[in-house]
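Please look over the structure shown here before reading on. The report is written for someone who is meeting it for the first time.

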Amino acid sequence: MGASQPVPAVRFIDVRRHFGDVKAVDGVTLDIADGEFFSMLGPSGSGKTTCLRLIAGFERPTSGTLELHGIPAAGLPPYERDVNTVFQDYALFPHMTVAENVAYGLTVRKVPRPERERRVAEVLDLVRLPDVGRRRPAALSGGQRQRVALARALVNRPRVLLLDEPLGALDLKLRRQMQTELKAIQQQVGITFVYVTHDQEEALAMSDRLGVFAQGRLEQVGTPVEVYENPATPFVADFVGLSNSVEGEAARAMTGSASPFTLRPEKLRLLGIDAPAEGTRVVDGLVVDAVYLGMHTKYVVEIAGGGTLTVMETHRDASTRAAVGTQVRLGWRPEHERPTGRLS
Amino acid sequence: MRATRSWSRTLFLHPRLGLLLLLGPPLVWLGVVYLGSLLALVVQSFFHLDGFTGQVVRQVSLDTYRELFTASNLDIALRTAGMAAVVTLAAAVVAFPLAYYMARYARGTKKAVLTLAVLMPLWSSYLVRVYSWKLILAKEGVVSWLFERLHATAILESVLNLPLVGGPSLSVSAIGTFLAFLYVWLPYMILPIQAALERVPSSLLEASGDLGARPATTFRRVTLPLAFPGVVAGSIFTFSLTLGDFIIPGTLGNSSLFIGQAVLAHQGTAGNVPLAAAFTLIPMTIMGAYLAVAKRLGAFDAL
């Protein structure tokens, strides 16, 4: 690290966390910049939550080094870290009012009462819950509890905020709304957010950068565009968005070469069987499944060479819907093929 | 076949009938047998014993209560309530760490073994356990022997010489009564506290630490308040069981009476059923007051 380079908020250097034989985190090296919105994306059991708990201090690395703002975190218990967590189940104290919950971090740090009350009121305003201070958490809706959990963490003005699938329990519409709000709050307060989710859409929508986890390892780190457009591995291609992995005979039928590649379903166009192949590659196939999804229809097409391809066709032209059993021609531009070295 | 089908159909069409069948027996039991005898007790306590004939006079008067509030009887009530309070406090202090360990750390076999260890004494007769304590605490018993081997008999002697709690040997002292009470009621304190602690999600404790609270602060502000209903439930057991017991003070105490012994004596040999009834109302009044205080302290808020 050069002298001119800023110190990262969180730095993992070959961090491992093993539980007996289970390698929950298996050699993660990662820098999260100060002020960044960073998402850890992966399926359950991929090690993303364990990484978050390592930053919070609930877990200690089996090996490797974890630094917070350049300081090794090994000897720091959770209560000495300048880091706060929004828990998946919110973890609000049921025996305290909302205001007492939010004030908890300030109370235990012995912040004088007038300042405490001012900061609690401020942060409840920030999360747009000014009138619930005297209620108990049990009297709130899921969305309100989520905001209280956020307020309780933010009121301490931590340098890093950890969020463990905070929107997982909310319904879809509320989730979309909270995504926008969370992003806005992060930009307003300017602190580092480390956001754990298994929802790739959420990660793409909110993050400055994201890391994709699988089996305790980082598969790829990059901006949402980089990760979506240039997935580093077939796993990333498949987990972030949908993807067709093509190899062997099917690949030969589509490109003339057997080298494996991935291709996004929305890059494929459904064409008439005698459509001309201008500037695109084409392959013929048989529609074996067609699922209407509102905004688009998902087709599964069996192609020559044995494989199947998933195609996402938007309904801009309603007339192009093809029935199961129809012979179709699929077209795509060669630059959308992503060659993959290793296929899992 | 047909008969059972029409039965289930009847129950399906008349849900209240099903409810009545389910709730009827326990309600009859609690309502008639329990509340009925309680009422009989209250009524009896307003009768009084004619000192001359030795017959119960079935007329409502406060004579029995006048007799209850004499110095010697109040002494019995105070001694019993004091013992119950000390036993409850000690049981809570001894039970909490064990319950905490069982709820938070023990897993698998370790947890099963600990639960068994707590429950197993309840499988053997209460009398056997009380008499074993008499043997343990007797002048020739294992405790005296142990103090002797450690050349610490002087310590035991000085404890036994203490006023009020001492006596000729541990088995005939208030300390002995206390130890036996603490032992027999301990499981009733451990289990509710453990159950309460099991229901505290570990994320709450993590959240407290995450927000900057040291472990001691987390215990005081989160763990203890959330386990408090369990402590209160346990204390209701230990307190009321101590208030009503007559076997332990009779076996292991000095000759001063406890409420249970007084009730036994008055309704038995003395034939003074009204006074016995009045005595039983003392523990009930104390428990009622205790529950009211516990409720005001918010012990049942989290239920």
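## Chain A as a whole

The model described here is predicted, and its chain A contains nine helices and 18 strands. Along its principal axes, the C-alpha trace of chain A spans about 80 × 45 × 40 Å. Of the 344 residues in chain A, 40% are buried. When the contacts in chain A with a separation of 6 or more are considered, 65% of them come from residues 24 or more positions apart.

## A four-stranded sheet in chain A

Four strands of chain A make an open sheet in the order β2-β1-β4-β5, and their pairing is antiparallel. The edges are taken by β2 (22-32) and β5 (71-72) of chain A, each of which has a single partner strand, so one side of each is left without a neighbour in the sheet.

Strand β1 (residues 10-19) of chain A runs antiparallel to β2(A), and the two are joined by eight bridges. Across this pair, A:R16 stands opposite A:D26, which belongs to β2(A). Helix α1 (residues 48-56) of chain A packs on the sheet, where it touches β1, β2 and β4 (63-68) of chain A, and the direction of α1 makes about 65 degrees with that of β2(A).

## A mostly covered helix in chain A

Helix α2 (residues 98-108) of chain A is mostly covered, since eight of its 11 residues are buried. These buried residues are A:V98, A:N101, A:V102, A:A103, A:Y104, A:G105, A:L106 and A:V108. They pack against α3 (113-126) and α4 (142-154) of chain A, and also against α11 of chain B. Just after α2(A), the residue A:K110 takes a positive phi of about 60 degrees.

## Where chain B touches chain A

Between the two chains, 17 residues of chain B are in contact with 17 residues of chain A. On the side of chain B that touches chain A, the elements giving two or more residues are α10 and α11 of chain B, and α10(B) gives the most, with six residues. Sorted by class, this side of chain B has nine nonpolar, four polar and four charged residues.

## Two crossing helices in chain B

How do the axes of α10(B) and α11(B) cross, and within what distance do they come? The axes of helix α10 (residues 202-210) and helix α11 (residues 215-244), both of chain B, come within 10 Å and cross at roughly 140 degrees. This angle makes α10(B) oblique to α11(B), and their crossing is right-handed.

The contact is made by B:L204, B:L205, B:S208 and B:G209 on the side of α10(B), and by B:T218, B:R221, B:V222 and B:T223 on the side of α11(B). By class, the contact of these helices has three nonpolar, four polar and one charged residues.

## Helix α13 of chain B and its cover

Which residues of helix α13 (residues 259-267) of chain B are buried? They are B:I259, B:G260, B:Q261, B:A262, B:V263 and B:H266. What covers these buried residues of α13(B) includes α4 (71-104), α11, α12 (247-252) and α14 (273-296) of chain B.

Conventions. Residues are numbered from 1 along each chain as its sequence is written. Chains are lettered from A and ligands numbered from 1 in the order in which they are written. This is a predicted model: local features need pLDDT of at least 70, side-chain atom pairs count only at pLDDT 80 or more; totals for chains, interfaces and linings use all residues. Axes are lines fitted to C-alpha atoms, for helices over the stretch in contact, and angles run from 0 to 180 degrees between N-to-C directions. Angles under 35 degrees count as roughly parallel, over 145 as roughly antiparallel, 65 to 115 as roughly perpendicular and the rest as oblique. A crossing is left-handed if the near helix is turned anticlockwise from the far one by less than a right angle, and right-handed if clockwise. Two residues are in contact if their C-beta atoms, placed from the backbone, lie within 7 Å. Ala, Val, Leu, Ile, Met, Phe, Trp, Tyr, Cys and Pro count as nonpolar, Asp, Glu, Lys and Arg as charged, and the others, Gly among them, as polar. A residue is buried if 20 or more other C-beta atoms lie within 10 Å of its own, exposed if 12 or fewer, and partly exposed in between; C-beta atoms are placed from the backbone. Two strands pair if DSSP finds at least two bridges between them.
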